[in-house]
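Notebook open, structure loaded. I want to go through a few side chains and jot down what turns up.

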Amino acid sequence: QVQLVESGGGLVQAGDSLRLSCAASGLTFSSAAMGWFRQAPGKEREFAAAISRTGSITYYADSMKGRFTITRDNVKKLVYLQVNNLKPEDTAVYYCAATYNGRTYRASREYLYWGQGTQVTVSS
């Protein structure tokens with residue numbers, strides 16, 4: 001059974017930084033590309049970042065380049081999302097996702113497995 005468990009969210013102030021983590025189990029982690037998505041209240045889920053199987057290639061939503069950094073540890077089966085200089089508009093539930101067969105890695109439909117999400121709330 002595949003499980004993706006996110007952690008690291010919380011209530012922070014604008015300008016703070018957070019590192020979100022996603023622990024994977026039940027899948028061949030080193031064969032899966034990983035992605036982070038977020039969903040703000042009343043909005044659709046949006047792509048944030050993705051990372052290739054080896055970690056050598058990363059992808060970011062244009063609006064998140066520069067503040068977001070995705071990394072992975074294939075030994076520990078973890079993927080991280082570092083978010084710096086948080087803004088109130090970053091408030092959302094952040095989801096980790098995994099795919100063996102992604103193409104663009106930016107579309108949620110490409111991902112087979114999803115975590116339950118971790119809430120990030122940024123106060124101004």
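Is D90 buried or exposed? I looked it up in this predicted model: D90 has a relative accessible area of 0%, and since buried means under 20%, D90 is buried.

Next I checked where D90 sits. I found it in the loop between β8 (78-83) and β9 (92-99). Leaving out residues up to four places away in sequence, I listed what D90 touches: R38, R67, F68, N85, V120 and V122.

Then I moved on to the rings. I get 6 aromatic pairs. I took F37 and Y111 from the list: their ring centres are 5.2 Å apart and the planes are at 80°, so I wrote the pair down as edge-to-face. F37 is in strand β4 (residues 33-39), while Y111 is in the loop between β9 and β10 (113-114), so this pair ties together parts that are 74 residues apart in sequence. Both F37 and Y111 are buried.

I noted Y105 as buried, at 8% relative accessibility.

Back to F37 and Y111: I see them in one aromatic cluster with F47 and W114.

Last, charges over rings. I found R45 over the face of W114, 4.7 Å from the ring centre. I also have R19 over the face of Y80, at 4.1 Å from the ring centre.

Technical notes: Residues numbered from 1 in each chain as written. Predicted model: local features only at pLDDT ≥ 70, side-chain atom pairs only at ≥ 80, totals over all residues. Heavy atoms only, no water. Helix = DSSP H or I, 4+ residues; strand = E, 2+ residues; numbered from the N terminus. Buried < 20%, exposed > 50% of the residue type's maximum accessible area, 1.4 Å probe, protein only. Contact = heavy atoms within 4.5 Å. Phe/Tyr/Trp six-rings, centres within 6.5 Å; stacked < 30°, edge-to-face > 60°. Lys NZ or Arg CZ within 6 Å of the ring centre and 35° of its normal.
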